[in-house]
Amino acid sequence: MKSRTLFVINTVIAVPFGIGSVLAPKTFLSLYGASLEPAGALMMQFGGTWLIGIGLLTWLVRDATEVKIRRQIMVALLMMYIIGFVVALLGQLSAALNALGWLVVGINAFLVLGYATTLFSQPEAAEARPLAQRG
């Protein structure tokens, strides 16, 4: 998968989750069979702002031509999604959320595989070409 495609997919996933978390944290989490106290709702709103920030970051770097910067961002996101996958899986195995919680596990797994595959299977030189020169 090309980094541009992966960044766009990441944006499409992160921004709606972030908006839902910021605007209606209790309602959004109730879809997963969980409830929140006021402090938990506030923390979920903070998490939503971070997701919106990740989505904006991936949108803004989708056409970056500087390979080193793009790859460093992908490494950071890969590490984040590995940790997110472990946290989501442990939470799901402890029955913290209903069956919809598997969606979060799956999203994290997909993004781990996407970033790992993109980072380790594509030569840097192929992605270094400007978009106008790509096939």
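## The largest pocket

How much space lies in the largest pocket? About 880 Å³, with volume taken as the space filled by probe spheres set on grid points joined across faces, edges and corners. A pocket here is an open set of points on a 1 Å grid over the protein atoms alone, where a 1.4 Å probe fits, with protein on both sides within 12 Å along at least five of seven lines; lining residues have an atom within 4 Å of a point. Of the 28 lining residues, Leu 51, Gly 84, Ala 88, Val 104 and Asn 108 are the closest to the centre.

Helices H1 (3–23), H2 (25–30), H3 (38–60), H4 (67–93) and H5 each give at least two residues to this lining, and H4 has the largest share, with eight. Helices are DSSP runs of H or I, at least four residues long, numbered from the N terminus. By type, the lining has 20 nonpolar, eight polar and no charged residues; Ala, Val, Leu, Ile, Met, Phe, Trp, Tyr, Cys and Pro count as nonpolar, Asp, Glu, Lys and Arg as charged, and the others, Gly among them, as polar.

## About the model

This is a predicted model, where local features need pLDDT of at least 70 and side-chain atom pairs pLDDT 80 or more, while totals for chains, interfaces and linings use all residues. Numbering starts from 1 along each chain as its sequence is written, and side-chain values use heavy atoms, leaving out hydrogens and water.

## Helix H3

H3 has 23 residues and reaches 33 Å from first C-alpha to last, close to the 33 Å expected at 1.5 Å times one less than the number of residues. Its buried residues (under 20% relative accessible area, 1.4 Å probe, protein chains only) are Ala 41, Met 44, Gly 48, Ile 54, Gly 55 and Thr 58. They pack against H1, H2, H4 and H5.

## Trp 102

Trp 102 lies in H5 (residues 101–121). Its relative accessibility is 42%, so Trp 102 counts as partly exposed, the class between buried and exposed (over 50%). Leaving aside residues up to four places away in sequence, Trp 102 touches Leu 89, Gln 92 and Leu 93, a contact being heavy atoms within 4.5 Å.
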